[in-house]
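The sequence and structure are shown first, and the description follows.

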Amino acid sequence: MRNSTPSILEGTYRQEYGQVLATLLGWLGDFELAEDAVQDAFLAAVEHWERKGVPNKPGAWLTTTARRKAIDRIRRFNPDSVDPLTLETLERAEPSRSEELDEEADFPDDRLKLMFTCCHPALPLEQQIALTLHTLGGLTTAEIAAAFLVPVPTLAQRLVRAKHKIRVAGIPYYVPPPHLIAERVDSVLTVLYLIFTEGYAATAGEALIRQELCDDAIHLCRLVELLIRRSATQIDLPLSQKAEILGLLALMLLNQSRRHARVGSRGELIPLDEQDRSLWDERDIEEGLALLEATLQIHHPGPYQLQAVISALHARARTPGDTDWPQIVALYEELLKIYDTAIIRLNHAVAVSMAISPVHGLQLLAPLAEDLTSYAPFFLAQADMYRRAGHVDRAREAYRFALDLTRNARERDFIRGRIKALDVAL
Amino acid sequence: MKYYLLSYVDEKAGAAVPKDEMDAWIRKIKAWTDAMQESGVLVRAQGLHPTSAAATVRVRNEKMITTHGPFAETKEQLGGFYLIDCKNLDEAIEWAAQAPGARFGSIEVRPVWEMDLPAAIEAARERGMLQTQ
(Lines give C-alpha, C1' and ligand atoms only; values in the text may rest on other atoms or scores of the structure.)
Protein backbone atom coordinates (compact mmCIF):
# COMPACT_ATOMS: atom_id res chain seq x y z
CA MET A 1 0.00 0.00 0.00
CA ARG A 2 1.32 3.42 -0.92
CA ASN A 3 1.43 6.14 1.64
CA SER A 4 -0.75 9.08 0.74
CA THR A 5 0.85 12.51 0.40
CA PRO A 6 -0.79 13.91 3.57
CA SER A 7 0.64 11.14 5.76
CA ILE A 8 4.07 11.49 4.18
CA LEU A 9 3.81 15.22 4.78
CA GLU A 10 2.90 14.66 8.41
CA GLY A 11 5.94 12.44 8.92
CA THR A 12 8.13 14.91 7.06
CA TYR A 13 6.80 17.73 9.19
CA ARG A 14 7.87 16.08 12.42
CA GLN A 15 11.20 15.00 10.98
CA GLU A 16 12.24 18.06 9.03
CA TYR A 17 10.51 21.01 10.67
CA GLY A 18 13.23 21.64 13.24
CA GLN A 19 16.07 21.49 10.78
CA VAL A 20 14.36 23.63 8.13
CA LEU A 21 13.39 26.21 10.75
CA ALA A 22 16.89 26.22 12.22
CA THR A 23 18.44 26.84 8.79
CA LEU A 24 16.03 29.67 8.00
CA LEU A 25 16.56 31.20 11.42
CA GLY A 26 20.30 31.11 10.75
CA TRP A 27 19.80 33.19 7.63
CA LEU A 28 17.07 35.50 8.88
CA GLY A 29 17.80 35.97 12.56
CA ASP A 30 14.08 36.57 13.10
CA PHE A 31 12.05 33.82 14.74
CA GLU A 32 8.62 34.90 13.55
CA LEU A 33 9.65 35.51 9.95
CA ALA A 34 11.50 32.18 9.83
CA GLU A 35 8.45 30.36 11.17
CA ASP A 36 6.11 32.05 8.70
CA ALA A 37 8.39 31.16 5.78
CA VAL A 38 8.62 27.52 6.90
CA GLN A 39 4.83 27.34 7.27
CA ASP A 40 4.47 28.78 3.75
CA ALA A 41 6.83 26.09 2.46
CA PHE A 42 4.82 23.29 4.07
CA LEU A 43 1.61 24.73 2.61
CA ALA A 44 3.27 24.83 -0.81
CA ALA A 45 4.35 21.22 -0.32
CA VAL A 46 0.74 20.09 0.21
CA GLU A 47 -0.17 21.34 -3.24
CA HIS A 48 3.06 20.67 -5.09
CA TRP A 49 3.73 17.14 -3.84
CA GLU A 50 0.16 16.08 -4.57
CA ARG A 51 0.63 17.02 -8.24
CA LYS A 52 4.27 16.22 -8.85
CA GLY A 53 5.03 13.59 -6.26
CA VAL A 54 7.22 13.76 -3.18
CA PRO A 55 10.76 14.99 -3.97
CA ASN A 56 13.76 12.77 -3.24
CA LYS A 57 14.97 15.08 -0.51
CA PRO A 58 11.91 16.59 1.10
CA GLY A 59 14.00 18.52 3.62
CA ALA A 60 16.07 20.21 0.91
CA TRP A 61 12.95 20.99 -1.13
CA LEU A 62 11.33 22.56 1.93
CA THR A 63 14.43 24.59 2.82
CA THR A 64 14.73 25.97 -0.70
CA THR A 65 11.04 26.76 -0.86
CA ALA A 66 11.06 28.38 2.59
CA ARG A 67 14.02 30.52 1.52
CA ARG A 68 12.07 31.74 -1.52
CA LYS A 69 9.01 32.39 0.63
CA ALA A 70 11.18 34.39 3.03
CA ILE A 71 12.51 36.51 0.14
CA ASP A 72 8.89 37.14 -0.95
CA ARG A 73 7.88 38.12 2.54
CA ILE A 74 10.83 40.50 3.00
CA ARG A 75 10.15 42.16 -0.36
CA ARG A 76 6.45 42.49 0.42
CA PHE A 77 6.53 43.59 4.05
CA ASN A 78 10.05 44.93 4.48
CA PRO A 79 10.05 44.28 8.26
CA ASP A 80 12.33 46.44 10.48
CA SER A 81 13.51 43.37 12.34
CA VAL A 82 15.36 42.12 9.27
CA ASP A 83 18.78 43.44 8.41
CA PRO A 84 18.82 44.83 4.82
CA LEU A 85 21.84 42.61 4.11
CA THR A 86 19.71 39.54 4.84
CA LEU A 87 18.00 39.70 1.47
CA GLU A 88 21.37 39.59 -0.25
CA THR A 89 22.46 36.58 1.83
CA LEU A 90 19.24 34.78 1.03
CA GLU A 91 19.54 35.42 -2.68
CA ARG A 92 23.12 34.24 -2.68
CA ALA A 93 22.06 31.02 -0.95
CA GLU A 94 20.29 30.01 -4.18
CA PRO A 95 21.51 26.54 -5.09
CA SER A 96 21.70 25.59 -8.75
CA ARG A 97 19.67 22.38 -8.73
CA SER A 98 17.58 22.75 -5.64
CA GLU A 99 15.90 19.35 -5.74
CA GLU A 100 19.12 17.41 -5.96
CA LEU A 101 20.78 19.13 -3.06
CA ASP A 102 22.88 17.16 -0.74
CA GLU A 103 21.37 18.32 2.52
CA GLU A 104 24.34 17.32 4.62
CA ALA A 105 26.77 19.29 2.49
CA ASP A 106 24.71 22.34 1.57
CA PHE A 107 22.83 23.03 4.74
CA PRO A 108 24.74 23.19 7.95
CA ASP A 109 22.77 21.61 10.77
CA ASP A 110 21.63 24.51 12.87
CA ARG A 111 19.39 22.54 15.20
CA LEU A 112 21.85 22.68 18.07
CA LYS A 113 21.79 26.49 17.97
CA LEU A 114 18.02 26.36 17.99
CA MET A 115 18.13 24.05 21.00
CA PHE A 116 20.27 26.53 22.94
CA THR A 117 17.99 29.41 21.99
CA CYS A 118 14.86 27.50 23.06
CA CYS A 119 16.41 26.45 26.37
CA HIS A 120 17.90 29.84 27.27
CA PRO A 121 17.72 30.27 31.05
CA ALA A 122 16.20 33.76 30.62
CA LEU A 123 13.02 32.05 29.40
CA PRO A 124 10.65 30.55 31.99
CA LEU A 125 10.95 26.76 32.08
CA GLU A 126 7.41 26.20 30.78
CA GLN A 127 8.23 28.35 27.75
CA GLN A 128 11.50 26.49 27.18
CA ILE A 129 9.62 23.19 27.14
CA ALA A 130 6.84 24.36 24.83
CA LEU A 131 9.26 26.03 22.43
CA THR A 132 11.58 23.02 22.28
CA LEU A 133 8.72 20.64 21.50
CA HIS A 134 7.26 23.04 18.97
CA THR A 135 10.37 23.96 17.03
CA LEU A 136 12.61 20.90 17.39
CA GLY A 137 10.03 18.20 18.06
CA GLY A 138 7.78 19.47 15.26
CA LEU A 139 4.71 19.19 17.51
CA THR A 140 1.75 21.41 16.76
CA THR A 141 0.38 23.82 19.34
CA ALA A 142 -2.66 21.55 19.80
CA GLU A 143 -0.47 18.48 20.36
CA ILE A 144 1.65 20.17 23.03
CA ALA A 145 -1.45 21.60 24.71
CA ALA A 146 -2.96 18.11 24.83
CA ALA A 147 0.25 16.58 26.19
CA PHE A 148 0.46 19.08 29.04
CA LEU A 149 -3.31 19.29 29.54
CA VAL A 150 -3.50 23.04 29.12
CA PRO A 151 -5.99 24.85 26.88
CA VAL A 152 -4.75 25.49 23.33
CA PRO A 153 -4.94 29.31 23.67
CA THR A 154 -2.80 29.15 26.85
CA LEU A 155 -0.15 27.14 25.08
CA ALA A 156 -0.31 29.35 21.98
CA GLN A 157 0.21 32.40 24.16
CA ARG A 158 3.14 30.72 25.89
CA LEU A 159 4.83 30.25 22.51
CA VAL A 160 4.10 33.82 21.42
CA ARG A 161 5.56 35.19 24.66
CA ALA A 162 8.67 33.07 24.29
CA LYS A 163 9.31 34.24 20.72
CA HIS A 164 8.61 37.83 21.69
CA LYS A 165 11.14 37.64 24.50
CA ILE A 166 13.76 36.06 22.23
CA ARG A 167 13.41 39.08 19.96
CA VAL A 168 13.18 41.97 22.43
CA ALA A 169 15.70 40.64 24.93
CA GLY A 170 18.21 39.72 22.23
CA ILE A 171 18.50 36.04 23.16
CA PRO A 172 21.20 34.87 20.78
CA TYR A 173 20.89 32.14 18.20
CA TYR A 174 24.25 30.38 18.40
CA VAL A 175 26.25 27.69 20.11
CA PRO A 176 27.27 29.47 23.34
CA PRO A 177 30.93 30.32 23.96
CA PRO A 178 32.95 27.81 26.05
CA HIS A 179 32.57 29.60 29.39
CA LEU A 180 28.76 29.65 29.08
CA ILE A 181 28.23 26.24 27.57
CA ALA A 182 28.28 24.29 30.83
CA GLU A 183 25.33 26.22 32.27
CA ARG A 184 23.48 26.04 28.96
CA VAL A 185 23.89 22.31 28.41
CA ASP A 186 22.49 21.75 31.92
CA SER A 187 19.49 23.79 30.98
CA VAL A 188 18.95 21.75 27.77
CA LEU A 189 19.18 18.46 29.69
CA THR A 190 16.74 19.70 32.35
CA VAL A 191 14.17 20.50 29.68
CA LEU A 192 14.58 17.10 28.03
CA TYR A 193 14.28 15.23 31.32
CA LEU A 194 11.17 17.21 32.31
CA ILE A 195 9.56 16.36 28.98
CA PHE A 196 10.40 12.71 29.58
CA THR A 197 9.16 12.51 33.17
CA GLU A 198 5.91 14.27 32.31
CA GLY A 199 5.42 11.61 29.63
CA TYR A 200 6.49 8.66 31.77
CA ALA A 201 4.71 9.54 34.99
CA ALA A 202 1.90 11.72 33.75
CA THR A 203 0.83 13.86 36.69
CA ALA A 204 -2.70 14.37 35.42
CA GLY A 205 -5.25 13.06 32.97
CA GLU A 206 -6.47 9.59 32.05
CA ALA A 207 -3.33 7.88 30.77
CA LEU A 208 -0.41 6.86 32.99
CA ILE A 209 2.15 7.21 30.26
CA ARG A 210 2.04 9.66 27.41
CA GLN A 211 4.41 7.83 25.13
CA GLU A 212 4.76 10.60 22.56
CA LEU A 213 6.43 12.85 25.13
CA CYS A 214 8.88 10.09 26.12
CA ASP A 215 9.67 9.43 22.46
CA ASP A 216 10.26 13.12 21.81
CA ALA A 217 12.55 13.54 24.80
CA ILE A 218 14.63 10.52 23.78
CA HIS A 219 14.72 11.62 20.16
CA LEU A 220 15.84 15.14 21.10
CA CYS A 221 18.45 13.82 23.53
CA ARG A 222 19.89 11.62 20.77
CA LEU A 223 19.93 14.68 18.55
CA VAL A 224 21.79 16.78 21.12
CA GLU A 225 24.30 13.99 21.67
CA LEU A 226 24.84 13.57 17.92
CA LEU A 227 25.13 17.30 17.23
CA ILE A 228 27.61 17.83 20.04
CA ARG A 229 29.65 14.82 18.95
CA ARG A 230 29.65 16.06 15.34
CA SER A 231 30.83 19.52 16.29
CA ALA A 232 33.32 18.26 18.85
CA THR A 233 36.06 20.33 17.26
CA GLN A 234 34.20 23.59 17.88
CA ILE A 235 32.59 22.78 21.20
CA ASP A 236 34.85 22.19 24.11
CA LEU A 237 32.36 20.50 26.37
CA PRO A 238 33.66 19.40 29.77
CA LEU A 239 33.90 15.61 30.07
CA SER A 240 31.49 15.65 32.98
CA GLN A 241 28.80 17.01 30.71
CA LYS A 242 29.51 14.69 27.82
CA ALA A 243 29.04 11.89 30.33
CA GLU A 244 25.80 13.41 31.62
CA ILE A 245 24.27 13.65 28.12
CA LEU A 246 24.87 9.92 27.64
CA GLY A 247 23.77 9.29 31.22
CA LEU A 248 20.45 11.03 30.63
CA LEU A 249 19.86 9.05 27.44
CA ALA A 250 20.64 5.80 29.29
CA LEU A 251 18.36 6.80 32.17
CA MET A 252 15.42 7.54 29.89
CA LEU A 253 15.87 4.29 27.92
CA LEU A 254 16.17 2.16 31.07
CA ASN A 255 13.11 3.76 32.65
CA GLN A 256 10.98 3.49 29.57
CA SER A 257 11.94 -0.18 29.10
CA ARG A 258 9.33 -0.88 31.80
CA ARG A 259 6.51 1.02 30.08
CA HIS A 260 4.52 -2.05 28.94
CA ALA A 261 4.80 -3.76 32.33
CA ARG A 262 3.93 -0.60 34.25
CA VAL A 263 0.40 -0.38 32.88
CA GLY A 264 -2.09 -3.27 33.11
CA SER A 265 -4.66 -4.36 30.51
CA ARG A 266 -7.28 -2.00 31.98
CA GLY A 267 -4.83 0.90 32.02
CA GLU A 268 -4.11 0.47 35.74
CA LEU A 269 -0.78 1.22 37.43
CA ILE A 270 1.38 -1.79 38.32
CA PRO A 271 4.19 -1.07 40.80
CA LEU A 272 7.73 -2.26 40.15
CA ASP A 273 7.61 -5.28 42.47
CA GLU A 274 4.41 -6.61 40.86
CA GLN A 275 5.42 -6.14 37.22
CA ASP A 276 5.71 -9.01 34.75
CA ARG A 277 9.40 -8.61 34.03
CA SER A 278 9.15 -10.56 30.76
CA LEU A 279 7.34 -7.50 29.40
CA TRP A 280 10.34 -5.25 29.95
CA ASP A 281 11.73 -4.06 26.63
CA GLU A 282 15.00 -5.90 26.03
CA ARG A 283 16.13 -3.54 23.27
CA ASP A 284 15.79 -0.47 25.46
CA ILE A 285 17.57 -2.24 28.32
CA GLU A 286 20.43 -3.38 26.12
CA GLU A 287 20.93 0.03 24.59
CA GLY A 288 20.62 1.71 27.98
CA LEU A 289 23.16 -0.62 29.58
CA ALA A 290 25.61 -0.20 26.69
CA LEU A 291 25.35 3.59 26.89
CA LEU A 292 25.81 3.46 30.63
CA GLU A 293 28.89 1.29 30.24
CA ALA A 294 30.38 3.84 27.83
CA THR A 295 29.43 6.68 30.14
CA LEU A 296 31.03 5.19 33.21
CA GLN A 297 34.29 4.81 31.24
CA ILE A 298 34.48 8.62 31.20
CA HIS A 299 34.82 8.58 35.02
CA HIS A 300 32.84 11.75 35.68
CA PRO A 301 29.71 10.54 37.49
CA GLY A 302 26.82 13.00 37.69
CA PRO A 303 23.17 12.94 38.77
CA TYR A 304 21.78 11.47 35.55
CA GLN A 305 24.42 8.74 35.41
CA LEU A 306 23.85 7.73 39.04
CA GLN A 307 20.10 7.58 38.51
CA ALA A 308 20.72 5.50 35.36
CA VAL A 309 22.87 3.06 37.35
CA ILE A 310 20.02 2.69 39.86
CA SER A 311 17.57 2.08 37.03
CA ALA A 312 20.02 -0.46 35.58
CA LEU A 313 20.13 -2.38 38.87
CA HIS A 314 16.36 -2.77 38.64
CA ALA A 315 16.61 -3.76 34.97
CA ARG A 316 19.13 -6.48 35.79
CA ALA A 317 17.13 -8.06 38.64
CA ARG A 318 15.22 -11.09 37.31
CA THR A 319 12.78 -11.05 40.25
CA PRO A 320 12.00 -8.32 42.80
CA GLY A 321 13.87 -10.44 45.38
CA ASP A 322 17.05 -10.27 43.27
CA THR A 323 17.16 -6.48 43.52
CA ASP A 324 20.41 -5.27 45.02
CA TRP A 325 18.82 -2.82 47.49
CA PRO A 326 21.96 -2.18 49.59
CA GLN A 327 23.76 -1.12 46.40
CA ILE A 328 20.83 1.14 45.48
CA VAL A 329 20.98 2.72 48.95
CA ALA A 330 24.70 3.38 48.46
CA LEU A 331 24.05 4.97 45.05
CA TYR A 332 21.36 7.27 46.44
CA GLU A 333 23.83 8.33 49.11
CA GLU A 334 26.36 9.19 46.39
CA LEU A 335 23.66 11.06 44.52
CA LEU A 336 22.69 13.05 47.63
CA LYS A 337 26.28 14.25 47.95
CA ILE A 338 26.08 16.02 44.59
CA TYR A 339 22.35 16.60 44.20
CA ASP A 340 20.45 16.91 47.44
CA THR A 341 16.72 17.32 46.92
CA ALA A 342 13.71 16.23 48.96
CA ILE A 343 12.64 13.88 46.17
CA ILE A 344 16.00 12.09 46.05
CA ARG A 345 15.82 11.78 49.86
CA LEU A 346 12.39 10.22 49.47
CA ASN A 347 13.76 7.66 47.00
CA HIS A 348 16.66 7.00 49.34
CA ALA A 349 14.22 6.34 52.20
CA VAL A 350 12.28 3.88 50.03
CA ALA A 351 15.51 2.03 49.17
CA VAL A 352 16.46 1.91 52.88
CA SER A 353 13.02 0.52 53.73
CA MET A 354 13.70 -2.30 51.28
CA ALA A 355 17.34 -2.86 52.18
CA ILE A 356 16.95 -2.70 55.96
CA SER A 357 13.37 -2.36 57.22
CA PRO A 358 10.22 -0.25 56.79
CA VAL A 359 10.82 1.26 60.24
CA HIS A 360 14.21 2.59 59.13
CA GLY A 361 12.56 3.97 56.01
CA LEU A 362 9.87 5.73 58.06
CA GLN A 363 12.52 7.39 60.23
CA LEU A 364 14.08 8.90 57.11
CA LEU A 365 10.71 10.03 55.77
CA ALA A 366 9.70 11.96 58.90
CA PRO A 367 11.92 15.04 58.30
CA LEU A 368 10.71 15.28 54.68
CA ALA A 369 7.04 15.67 55.56
CA GLU A 370 7.19 19.46 55.58
CA ASP A 371 8.79 19.80 52.14
CA LEU A 372 6.68 17.14 50.48
CA THR A 373 3.34 17.90 52.10
CA SER A 374 1.60 18.20 48.73
CA TYR A 375 3.51 15.46 46.90
CA ALA A 376 1.43 12.30 46.46
CA PRO A 377 4.39 9.89 46.04
CA PHE A 378 5.57 10.86 49.53
CA PHE A 379 2.32 9.64 51.10
CA LEU A 380 2.30 6.55 48.88
CA ALA A 381 5.78 5.62 50.08
CA GLN A 382 4.79 6.32 53.68
CA ALA A 383 1.59 4.25 53.36
CA ASP A 384 3.52 1.37 51.86
CA MET A 385 6.06 1.39 54.72
CA TYR A 386 3.29 1.54 57.36
CA ARG A 387 1.55 -1.37 55.65
CA ARG A 388 4.70 -3.45 55.61
CA ALA A 389 5.37 -2.54 59.25
CA GLY A 390 1.86 -3.71 60.19
CA HIS A 391 0.36 -0.26 61.03
CA VAL A 392 -2.86 -0.64 59.05
CA ASP A 393 -4.63 2.49 60.33
CA ARG A 394 -1.70 4.76 59.65
CA ALA A 395 -1.27 3.17 56.23
CA ARG A 396 -4.92 3.86 55.40
CA GLU A 397 -4.59 7.47 56.49
CA ALA A 398 -1.50 8.01 54.34
CA TYR A 399 -3.17 6.39 51.30
CA ARG A 400 -6.09 8.79 51.73
CA PHE A 401 -3.70 11.77 51.73
CA ALA A 402 -2.12 10.42 48.55
CA LEU A 403 -5.55 9.95 46.97
CA ASP A 404 -6.47 13.58 47.68
CA LEU A 405 -3.29 14.80 46.03
CA THR A 406 -3.40 12.65 42.89
CA ARG A 407 -4.83 14.10 39.68
CA ASN A 408 -4.08 11.08 37.49
CA ALA A 409 -7.17 8.89 37.11
CA ARG A 410 -5.21 5.61 36.82
CA GLU A 411 -3.13 6.35 39.90
CA ARG A 412 -6.29 7.15 41.84
CA ASP A 413 -7.68 3.72 40.91
CA PHE A 414 -4.45 2.14 42.10
CA ILE A 415 -4.59 3.89 45.50
CA ARG A 416 -8.25 2.93 45.99
CA GLY A 417 -7.25 -0.68 45.27
CA ARG A 418 -4.55 -0.48 47.94
CA ILE A 419 -6.99 0.87 50.53
CA LYS A 420 -9.43 -1.92 49.70
CA ALA A 421 -6.68 -4.54 50.06
CA LEU A 422 -5.86 -3.17 53.53
CA ASP A 423 -9.48 -3.61 54.61
CA VAL A 424 -9.57 -7.16 53.22
CA ALA A 425 -6.37 -8.09 55.04
CA LEU A 426 -7.89 -7.07 58.39
CA MET B 1 21.28 46.16 21.62
CA LYS B 2 21.11 48.34 24.69
CA TYR B 3 20.61 46.94 28.15
CA TYR B 4 20.33 48.44 31.60
CA LEU B 5 22.13 46.52 34.31
CA LEU B 6 20.18 47.34 37.45
CA SER B 7 22.13 46.59 40.58
CA TYR B 8 20.08 45.57 43.60
CA VAL B 9 21.79 45.25 46.98
CA ASP B 10 20.76 45.07 50.62
CA GLU B 11 21.30 48.65 51.85
CA LYS B 12 21.17 47.72 55.53
CA ALA B 13 23.96 45.19 55.10
CA GLY B 14 25.86 47.72 52.98
CA ALA B 15 25.60 50.41 55.69
CA ALA B 16 27.16 48.03 58.23
CA VAL B 17 30.31 47.53 56.14
CA PRO B 18 33.44 49.12 57.77
CA LYS B 19 35.12 52.01 55.96
CA ASP B 20 38.20 50.19 54.65
CA GLU B 21 36.05 47.44 53.21
CA MET B 22 33.81 50.06 51.64
CA ASP B 23 36.82 51.65 49.93
CA ALA B 24 37.84 48.29 48.52
CA TRP B 25 34.27 47.81 47.35
CA ILE B 26 34.24 51.12 45.52
CA ARG B 27 37.55 50.27 43.86
CA LYS B 28 36.02 47.03 42.63
CA ILE B 29 33.07 48.82 41.10
CA LYS B 30 35.48 51.26 39.46
CA ALA B 31 37.53 48.41 38.01
CA TRP B 32 34.38 46.82 36.63
CA THR B 33 33.06 50.01 35.01
CA ASP B 34 36.56 50.76 33.65
CA ALA B 35 36.62 47.33 32.02
CA MET B 36 33.25 48.00 30.39
CA GLN B 37 34.47 51.42 29.29
CA GLU B 38 37.64 49.99 27.74
CA SER B 39 35.77 47.36 25.78
CA GLY B 40 33.46 50.05 24.47
CA VAL B 41 30.17 48.69 25.80
CA LEU B 42 29.54 51.23 28.55
CA VAL B 43 27.18 54.05 27.60
CA ARG B 44 26.49 55.46 31.03
CA ALA B 45 27.04 54.46 34.66
CA GLN B 46 25.23 55.95 37.60
CA GLY B 47 25.24 55.16 41.30
CA LEU B 48 22.30 56.11 43.49
CA HIS B 49 22.08 57.49 47.03
CA PRO B 50 20.35 55.08 49.40
CA THR B 51 16.56 54.90 49.47
CA SER B 52 16.60 56.95 52.70
CA ALA B 53 17.37 59.91 50.41
CA ALA B 54 14.40 59.15 48.18
CA ALA B 55 10.99 60.75 47.78
CA THR B 56 8.07 58.98 46.16
CA VAL B 57 5.37 60.89 44.33
CA ARG B 58 1.86 59.81 43.42
CA VAL B 59 -0.96 61.78 41.88
CA ARG B 60 -4.42 60.57 42.82
CA ASN B 61 -7.56 62.41 41.71
CA GLU B 62 -5.29 65.20 40.50
CA LYS B 63 -3.89 65.60 44.02
CA MET B 64 -0.17 65.21 44.53
CA ILE B 65 1.00 63.05 47.41
CA THR B 66 4.70 63.03 48.27
CA THR B 67 6.10 60.53 50.73
CA HIS B 68 9.59 59.74 51.96
CA GLY B 69 11.39 56.56 51.08
CA PRO B 70 11.02 54.10 48.24
CA PHE B 71 7.83 52.87 46.67
CA ALA B 72 8.02 49.36 48.07
CA GLU B 73 9.66 47.72 51.06
CA THR B 74 11.92 45.02 49.63
CA LYS B 75 15.00 43.25 50.88
CA GLU B 76 17.21 44.56 48.09
CA GLN B 77 17.16 48.10 46.80
CA LEU B 78 18.21 49.63 43.49
CA GLY B 79 21.69 50.99 44.08
CA GLY B 80 22.91 51.91 40.62
CA PHE B 81 22.34 51.44 36.94
CA TYR B 82 24.64 50.89 34.03
CA LEU B 83 23.58 51.36 30.44
CA ILE B 84 25.56 49.13 28.11
CA ASP B 85 25.44 48.42 24.39
CA CYS B 86 26.06 44.76 23.57
CA LYS B 87 25.74 42.22 20.80
CA ASN B 88 23.12 40.14 22.59
CA LEU B 89 21.65 39.15 25.95
CA ASP B 90 24.46 36.71 26.73
CA GLU B 91 27.09 39.41 26.42
CA ALA B 92 25.06 41.63 28.76
CA ILE B 93 24.67 38.71 31.18
CA GLU B 94 28.42 38.16 31.18
CA TRP B 95 29.09 41.79 32.12
CA ALA B 96 26.42 41.55 34.79
CA ALA B 97 28.09 38.44 36.21
CA GLN B 98 31.30 40.44 36.65
CA ALA B 99 29.60 43.15 38.67
CA PRO B 100 30.84 43.21 42.29
CA GLY B 101 27.19 43.53 43.41
CA ALA B 102 26.33 40.20 41.76
CA ARG B 103 28.36 38.48 44.50
CA PHE B 104 25.80 39.24 47.21
CA GLY B 105 23.02 41.24 45.61
CA SER B 106 21.56 40.69 42.17
CA ILE B 107 21.79 42.33 38.79
CA GLU B 108 18.68 42.65 36.70
CA VAL B 109 19.43 42.78 32.97
CA ARG B 110 16.73 44.73 31.18
CA PRO B 111 16.69 45.27 27.42
CA VAL B 112 16.01 48.90 26.54
CA TRP B 113 12.76 49.47 24.69
CA GLU B 114 14.06 51.41 21.71
CA MET B 115 11.13 53.63 21.06
CA ASP B 116 10.76 56.66 18.88
CA LEU B 117 8.83 58.66 21.48
CA PRO B 118 7.31 61.38 19.24
CA ALA B 119 6.19 58.68 16.77
CA ALA B 120 4.76 56.56 19.58
CA ILE B 121 2.81 59.53 20.92
CA GLU B 122 1.51 60.29 17.43
CA ALA B 123 0.41 56.66 16.99
CA ALA B 124 -1.31 56.63 20.36
CA ARG B 125 -3.10 59.84 19.49
CA GLU B 126 -4.32 58.36 16.20
CA ARG B 127 -5.70 55.36 18.04
CA GLY B 128 -7.54 57.71 20.39
CA MET B 129 -5.46 56.63 23.38
CA LEU B 130 -4.27 60.17 24.06
CA GLN B 131 -6.41 63.26 24.10
CA THR B 132 -5.36 65.84 21.56
CA GLN B 133 -4.61 69.14 23.16
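## Fold of chain B

Read from the N terminus, the elements of chain B follow the order β-α-α-β-β-β-β-α-β-α. They amount to four helices and six strands, where helices (H or I, at least four residues) and strands (E, at least two) are DSSP runs numbered from the N terminus.

Along its principal axes, the C-alpha trace of chain B spans about 55 × 40 × 20 Å. Chain B has a radius of gyration of 19 Å, whereas a compact globule of 133 residues would have one near 14 Å; the radius is taken over C-alpha atoms, and the globule rule is 2.2 Å times the number of residues to the power 0.38. Of the 133 residues of chain B, 15% count as buried. A residue is buried if 20 or more other C-beta atoms lie within 10 Å of its own, exposed if 12 or fewer, and partly exposed in between, with C-beta atoms placed from the backbone.

## Confidence and conventions

The model is predicted: local features need pLDDT of at least 70 and side-chain atom pairs count only at pLDDT 80 or more, while totals for chains, interfaces and linings use all residues. Residues are numbered from 1 along each chain as its sequence is written, and chains are lettered from A and ligands numbered from 1 in the order in which they are written.

The predictor assigns the complex an ipTM of 0.82 and a pTM of 0.81. Chain B has a mean pLDDT of 89, with 96% of its residues at 70 or more; pLDDT is the predictor's confidence in each residue, from 0 to 100. Among the elements of chain B, strand β6 (residues 106–111) has the highest mean pLDDT (97) and helix α4 (residues 117–126) the lowest (78).

## Contact between the chains

Eight residues from chain A and five residues from chain B form the contact, two residues being in contact if their C-beta atoms, placed from the backbone, lie within 7 Å. On the side of chain B that touches chain A, three residues are nonpolar, one is polar and one is charged. Ala, Val, Leu, Ile, Met, Phe, Trp, Tyr, Cys and Pro count as nonpolar, Asp, Glu, Lys and Arg as charged, and the others, Gly among them, as polar.

## Helix α14 of chain A

In α14(A), the buried residues include D284(A), I285(A), G288(A), L291(A), L292(A) and T295(A). They cover an arc of only 135° around the axis, so they lie on the same side of α14(A); the arc is that of the directions from the helix axis to the C-beta atoms. E282(A), R283(A), A290(A), E293(A) and Q297(A), on the other side of α14(A), are exposed.

The cover over the buried residues of α14(A) includes α12 (239–256) and α15 (303–316) of chain A. After α14(A) comes H299(A), whose phi is positive, near 60°.
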